[in-house]
Amino acid sequence: KHVALISELSRLVETHSLMDVSQLEQELACHDDGASQRREVLARIGDGRIGGEDKLRLALLYALRYEQTGNVEGLKLALAEHRVAPDRGSLVDALLRYGGRSARTAGLFGGDASLLAKFSKQVKSSLEGIENVYAQHVPLLMETLDAVAKGKLNAQHYPAATTATPLQGAKHDQVIVYIVGGVTYEEATKVAELNAANAGVSVVLGGSFVHNSGTFLEDLDDAFGGRR
């Protein structure tokens, strides 16, 4: 039974080019190379082997990073031409209303670049001797936790409910994080790795939901999809 499951998963990964999709997602999240990445995203959108939701995810990541320079309208047209329903393609606009440049604070793209190197040393890669291109991204939460541990959390962005234990200027080795709206599996994984690495801080992570891309897009559609 296990062999049958693994065989079927391998077949789906191969049939739908999911390794290529995953690597491009990581590149979009971690590297700024608009022209080259646009060509890659358009090539994946035009690839008949790749499913509509995978194409949509790539377009969403590209639009989020390059909303001012990347011809987002052209990207939406490409989605419409290649198996992505109009109501799904409209989630590009919904995402930009939710988390575009005018709706978010700094740091989503271009946080502390040293974090990746630090976590690479603390946590052993699952691919011995090989750079894992499918796990390049470090969520912004890890930068926040690093600032908490060092007593450098921005008090303006993270005001304290009491002055008895200020977040800024004091180091903390016990941290509880609760994210309203939901946490991701990646965030949970990175927090578990941080705790296992004995990095001087112990973190308990919680949230109102644990999201994958599908459940997040459902919430996004409910909140912003009607404003088209």
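Student: What does D47 touch, leaving aside residues up to four places away in sequence?
Tutor: In this predicted model, D47 touches S17 and K55 once those sequence neighbours are set aside, and D47 itself is found in the loop between α3 (34-45) and α4 (52-66).

Student: Why is D47 called buried?
Tutor: The relative accessible area of D47 is 17%, and buried means under 20%, so D47 counts as buried.

Student: What makes the 27 residues of the largest nonpolar core a core?
Tutor: Such a set consists of buried residues of nonpolar kinds, joined through side-chain atoms within 4.5 Å, and the members that touch the most others are L28, V41, I45, L56, L79, V92 and L220. At least two residues each come from α2 (18-30), α3, α4, α5 (72-81), α7 (91-99) and α11 (213-224), with α4 giving the most, eight residues.

Student: Which residues does L28 touch, again not counting those up to four places away in sequence?
Tutor: L28 touches Q37, V41, L58, L61, Y62, R65, Y66 and F109, where a contact means heavy atoms within 4.5 Å.

Student: Which residues does the second, separate core include?
Tutor: Among its 13 residues are A147, L153, L194 and V201.

Student: Which residues of helix α9 (residues 140-150) are buried?
Tutor: L141, M142, T144, L145, D146, A147 and V148 are buried there, and just after α9, G151 takes a positive phi of about 70°.

Technical notes. Residues are numbered from 1 along each chain as its sequence is written. This is a predicted model: local features need pLDDT of at least 70, side-chain atom pairs count only at pLDDT 80 or more; totals for chains, interfaces and linings use all residues. Side-chain values use heavy atoms; hydrogens and water are left out. Helices (H or I, at least four residues) and strands (E, at least two) are DSSP runs, numbered from the N terminus. Buried means under 20% relative accessible area, exposed over 50%, partly exposed in between (1.4 Å probe, protein chains only).
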